[in-house]
Amino acid sequence: MCAMQTKPLFIVMSAPSGCGKSTLIDMLLQEYPDLQYSISCTTRKPRGEEEDGIDYHFLTIERFRELLAEDAFLESAEVHGNYYGTLKQPIIDVLNEGNSMILDIDVVGAAKVRHYVFHHLPAEDPLRAGYMDVFINPPSLEALRERLEGRGTDSPESIERRLANAEGEMARAEEYMYQVTNDELGIAYKRLCDLIDVRSGRM
Ligand code: 5GP
């Protein structure tokens, strides 16, 4: 079992849709009581059981544009035809409280956050000092197709779009500090815990 972390971490995680990233993040949130999930804003409609304010802040395009104009986002990107954005202030607040934050964002958003952290923040800023990013790989594109079809929440067109995007996203996996392949959930999870324990100074 993993233990409580010590140094506040700012964790950015990306993966093609259907790689089990949400499951892994849920497991980490259970494991580490001081880890919080960054609730993104999106203009896409809720899927399945998703709830506003828990999974996402589901916004109209007008509200999203207002927040953009207010410079409220650390990054924002268009993914699969919808807009997504990460609010800046909640991350700063959580890190300043000594807790850790985990972001689930796409490769474009992650590149923007990485650039911001390393080019615009001083070394001692908590967001930079605690920064780490991880890319979750599927075992194969075929396995990814099976998972997307199996979860039954996406239309066939959406599945094709997500698979086409997956290849492009996987081509950028090298930009991340760490890569984890989610072939077996338990093994991928253990590797993530080890990374967090090392980076937080626990190990
Ligand atoms: P989904 O619609 O399946 O929830 O998410 C689609 C993609 O959008 C995923 O790759 C997810 O990581 C990404 N995403 C979710 N929130 C954000 C965000 O705030 N910013 C960016 N850039 N991508 C996000």
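Which elements each supply at least two residues of the lining of the second largest pocket? They are β6 and α7, helices (H or I, at least four residues) and strands (E, at least two) being DSSP runs numbered from the N terminus.

Before selecting anything, note that this is a predicted model, in which local features need pLDDT of at least 70 and side-chain atom pairs count only at pLDDT 80 or more, while totals for chains, interfaces and linings use all residues. Residues are numbered from 1 along each chain as its sequence is written, and side-chain values use heavy atoms, with hydrogens and water left out.

Begin with Ser-22, Arg-44, Arg-47, Tyr-56 and Asp-104, which lie nearest the centre of the largest pocket, itself lined by 34 residues. A pocket here is an open set of points on a 1 Å grid over the protein atoms alone, where a 1.4 Å probe fits, with protein on both sides within 12 Å along at least five of seven lines, and lining residues have an atom within 4 Å of a point. The volume is about 920 Å³, taken as the space filled by probe spheres set on the points, which are joined across faces, edges and corners.

Next select α1 (21-31), β5 (73-79), β6 (82-87) and α7 (156-170), the elements that give two or more residues to this lining; α1 gives the most, with six.

Then move to the second largest pocket, of about 150 Å³, by selecting its lining residues, among them Arg-44, Arg-47, His-80, Tyr-84, Asp-154 and Arg-162. Here α7 gives the most to the lining, with three residues.
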